[in-house]
Amino acid sequence: AQSVAQPEDQVNVAEGNPLTVKCTYSVSGNPYLFWYVQYPNRGLQFLLKYITGDNLVKGSYGFEAEFNKSQTSFHLKKPSALVSDSALYFCAVRDPIAGNNRKLIWGLGTSLAVNP
Amino acid sequence: DSGVTQTPKHLITATGQRVTLRCSPRSGDLSVYWYQQSLDQGLQFLIQYYNGEERAKGNILERFSAQQFPDLHSELNLSSLELGDSALYFCASSAGGAYNEQFFGPGTRLTVL
């Protein structure tokens with residue numbers, strides 16, 4: 001069965017330090033992977049995705065993520081965190097060969113707090 | 001601005017009532033998705049429509065129903081409302097392919113008293 005896990009409910013990091021938000025997945029085929037961000041009282045916004053090709057994907061606001069097939073992970077990273085990055089981050093996965101069951105599977109979200 | 005609009009922004013109603021939430025997708029997007037977000041359940045996928053047809057179903061209660069109209073706007077109907085239905089309801093749209101990202105509306109905050 002398809003699943004996605006965000007093992008940390010909350011991540012705290014100091015402004016200017018690198019940040020990592022973790023995501024691991026389980027699908028039967030090659031996954032399509034997505035990261036979204038939700039700022040307070042707003043809808044989710046797309047950050048980046050991995051479909052195929054280069055394992056390092058660059059996205060909006062200086063974020064990037066690395067697809068690691070052997071570890072079934074797709075961790076979100078940023079070299080230098082900003083206070084304005086504080087938000088809720090969601091990882092999502094879709095198995096493109098799951099037939100009619102191709103809905104996006106969402107993680108529970110990780111709350112990122114960047115301290116000044 | 002994602003290009004997805006949702007109305008109303010806020011809705012306050014009583015238990016047992018019925019409400020309709022409306023969503024207009026981004027121009028050109030054929031897929032519409034509905035989600036429920038609450039503090040205790042997180043983000044729950046409810047249902048997806050593609051060009052008027054139901055495409056995928058998630059954790060949608062039998063008291064809830066949705067449809068997508070020929071102009072591609074969608075409505076989510078919630079009936080026999082319970083206190084536990086209080087949540088943020090998001091609509092998202094996409095071009096429809098499995099590799100396409102979803103664009104989310106600002107949400108409707110439903111409060112059931």
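Biologist: Which residue in E8(B) does B:Cys23 stand opposite?

Modeller: Please keep in mind that this is a predicted model. Strand E3 of chain B, residues 19–24, pairs in the antiparallel sense with strand E8 of chain B, residues 74–78, and the pairing runs over five bridges. Within E8(B), the residue that stands opposite B:Cys23 is B:Ser74.

Biologist: Which strands are the edge strands of the open sheet in chain B?

Modeller: The open sheet has four strands with antiparallel pairing, in the order E1-E3-E8-E7 of chain B. An edge strand here pairs on one side only, and the twist of this sheet averages 15 degrees from one strand to the next.

Biologist: Which residue of chain B forms a salt bridge with A:Lys49?

Modeller: Chain B and chain A bury about 1,600 Å² between them, with 55% of that area on carbon and sulfur atoms, and 20 residues of chain B are in contact with 19 residues of chain A. The count of salt bridges between the two chains is one. The closest N and O atoms of this pair are 2.7 Å apart, and the partner of A:Lys49 is B:Glu101.

Biologist: How do the residues of the side of chain B that touches chain A divide into nonpolar, polar and charged?

Modeller: Across the interface of chain B and chain A, five residue pairs are in polar contact. Strand E4 (31–38), strand E5 (42–50) and strand E6 (53–57) of chain B each supply at least two residues of the side that touches chain A. The residues of that side divide into 10 nonpolar, six polar and four charged.

Methods: Residues are numbered from 1 along each chain as its sequence is written. Chains are lettered from A and ligands numbered from 1 in the order in which they are written. This is a predicted model: local features need pLDDT of at least 70, side-chain atom pairs count only at pLDDT 80 or more; totals for chains, interfaces and linings use all residues. Side-chain values use heavy atoms; hydrogens and water are left out. Two strands pair if DSSP finds at least two bridges between them. Axes are lines fitted to C-alpha atoms, for helices over the stretch in contact, and angles run from 0 to 180 degrees between N-to-C directions. Contact means heavy atoms within 4.5 Å. Buried area is the accessible area (1.4 Å probe) that two parts lose on being put together, summed over both. A salt bridge is a side-chain nitrogen of Lys or Arg within 4 Å of a carboxyl oxygen of Asp or Glu. A polar contact is a pair of N or O atoms within 3.5 Å; within protein, one must be able to donate a hydrogen and the other to accept it, and residues adjacent in sequence count only if both atoms are side-chain atoms. Ala, Val, Leu, Ile, Met, Phe, Trp, Tyr, Cys and Pro count as nonpolar, Asp, Glu, Lys and Arg as charged, and the others, Gly among them, as polar.
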